[in-house]
Amino acid sequence: LVVDSATVILNANIIVSGYGQGGGTLTGPGNLTIQGGGNWSGGTMSGTGRTILGPTASMAFDINARTLSRVLENQGTITWTAGPLQLNSGQLLNTGTFITNTTGLLQSYGTGGTNRFTNQGIFRKQGTGTVQFTASSTGVAFDNGSTGTVEVQAGSLELLQGGPHTGNFNIT
């Protein structure tokens with residue numbers, strides 16, 4: 001499935017082997033399950049459904065701003081290499097591995113409700129520079145839960161305003 005400039009409305013749950021989004025909008029009440037590879041380089045994911053990256057899947061976040069206004073559930077591997085990730089009533093639920101090699105900004109955008117990054121897997125910071133969780137007073141909360149692992153192997157991780165940032169932070 002490729003979304004570049006159109007709006008794709010999911011009214012039912014679908015499973016795809018690959019996914020690419022360089023613009024446009026993915027929305028609707030249906031869940032999108034990605035079983036293979038993917039790339040999200042721009043556009044918006046919104047709606048009441050979930051985008052689910054399966055256990056053996058991988059997805060790259062790169063290039064332009066992306067806006068998340070739904071739940072993105074990562075059971076596989078996400079690699080964030082460039083550009084900001086904006087949450088507007090969005091949640092990123094990580095039960096797999098989330099790798100960041102960027103100096104990117106995870107920020108709240110617009111007037112959306114709760115914005116949260118929930119880590120129940122591995123959050124790994126690699127590469128030089130700083131990745132920041134920041135925003136206005138609504139912010140993006142980093143919830144590391146009781147099963148999450150934070151690995152800062154290089155560079156810096158900054159949990160700034162807009163929390164609260166919660167959980168066990170046994171940084172390795």
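Tutor: Contact here means heavy atoms within 4.5 Å. The model is predicted, so local features need pLDDT of at least 70, side-chain atom pairs count only at pLDDT 80 or more, and totals for chains, interfaces and linings use all residues. Residues are numbered from 1 along each chain as its sequence is written, and side-chain values use heavy atoms, with hydrogens and water left out.

Student: Which residues is Tyr19 in contact with, leaving aside neighbours within four places in sequence?

Tutor: The list is Leu1, Val3, Leu26, Leu32, Ile34, Gly37, Gly38, Asn39, Met45 and Met59.

Student: Why is Tyr19 called buried?

Tutor: Buried means under 20% relative accessible area, exposed means over 50%, and partly exposed lies in between (1.4 Å probe, protein chains only). Tyr19 has 4% relative accessibility, so Tyr19 counts as buried. Tyr19 sits in strand β4.

Student: What makes the pairing of Tyr19 and Gln21 a polar contact?

Tutor: A polar contact is a pair of N or O atoms within 3.5 Å; within protein, one must be able to donate a hydrogen and the other to accept it, and residues adjacent in sequence count only if both atoms are side-chain atoms. The side chains of Tyr19 and Gln21 meet at 2.5 Å. Ser69 has a polar atom in its side chain 2.9 Å from the backbone oxygen of Asn88.

Student: Where does Ser69 lie, and why does Ser69 count as buried?

Tutor: Ser69 belongs to strand β8. Ser69 is at 19% relative accessibility, so Ser69 counts as buried. Beyond four places in sequence, Ser69 contacts Met45, Ser46, Gly47, Asn88, Ser89 and Gly90.

Student: How many helices and strands does the protein chain have?

Tutor: The count is 0 helices and 19 strands. These are DSSP runs numbered from the N terminus: helices are H or I, at least four residues, and strands are E, at least two. Buried residues make up 49% of the 172 residues in the chain. Of the contacts with a separation of 6 or more, 37% come from residues 24 or more positions apart.

Student: How do you know that Phe117 and Phe123 are edge-to-face?

Tutor: Rings of Phe, Tyr and Trp (its six-membered ring) pair if their centres lie within 6.5 Å; planes under 30 degrees apart are stacked, over 60 edge-to-face, and the rest tilted. For Phe117 and Phe123, the centres are 5.5 Å apart and the planes at 90°, an edge-to-face pair.

Student: Why is the pair of Phe117 and Phe142 called stacked?

Tutor: The ring centres of Phe117 and Phe142 are 5.2 Å apart and the planes are at 15°, so the pair is stacked. Phe117 is in strand β14 (residues 116-119) and Phe142 in strand β17 (residues 141-143), so the pair ties together parts 25 residues apart in sequence. Accessibility is 1% for Phe117, so Phe117 is buried. Phe123, at 0%, is buried. Phe142 is buried too, at 0%.

Student: Which residues do ring pairs link into a cluster?

Tutor: The cluster holds Trp40, Phe61, Trp80, Phe98, Phe117, Phe123 and Phe142.

Student: What makes a set of residues a nonpolar core, and which residues have the most contacts inside the largest one?

Tutor: The set must be buried Ala, Val, Leu, Ile, Met, Phe, Trp, Tyr and Cys residues joined through side-chain atoms within 4.5 Å. The largest such core has 30 residues, and Phe61 and Phe123 have the most contacts inside it. Elements giving two or more residues to this core include β4 (19-27), β8 (66-74) and β16 (130-134). Strand β6 gives the most, with 3 residues.

Student: What makes Glu73 and Arg50 a salt bridge?

Tutor: A salt bridge is a side-chain nitrogen of Lys or Arg within 4 Å of a carboxyl oxygen of Asp or Glu. In Glu73 and Arg50, the closest N and O atoms are 2.8 Å apart. Glu73 lies in strand β8 and Arg50 in strand β6, so the pair ties together parts 23 residues apart in sequence. Glu73 is buried at 13%, whereas Arg50 is partly exposed at 31%.

Student: How many salt bridges does a search of the whole structure find?

Tutor: The search finds 2. Glu151 and Arg124 also form one, at 2.6 Å, N to O. Glu151 is in strand β18 (residues 149-152) and Arg124 in strand β15 (residues 122-125), 27 residues apart.

Student: Why do Glu151 and Arg124 count as buried?

Tutor: Glu151 is at 14% relative accessibility, so Glu151 counts as buried. Arg124 is at 18%, so Arg124 counts as buried.
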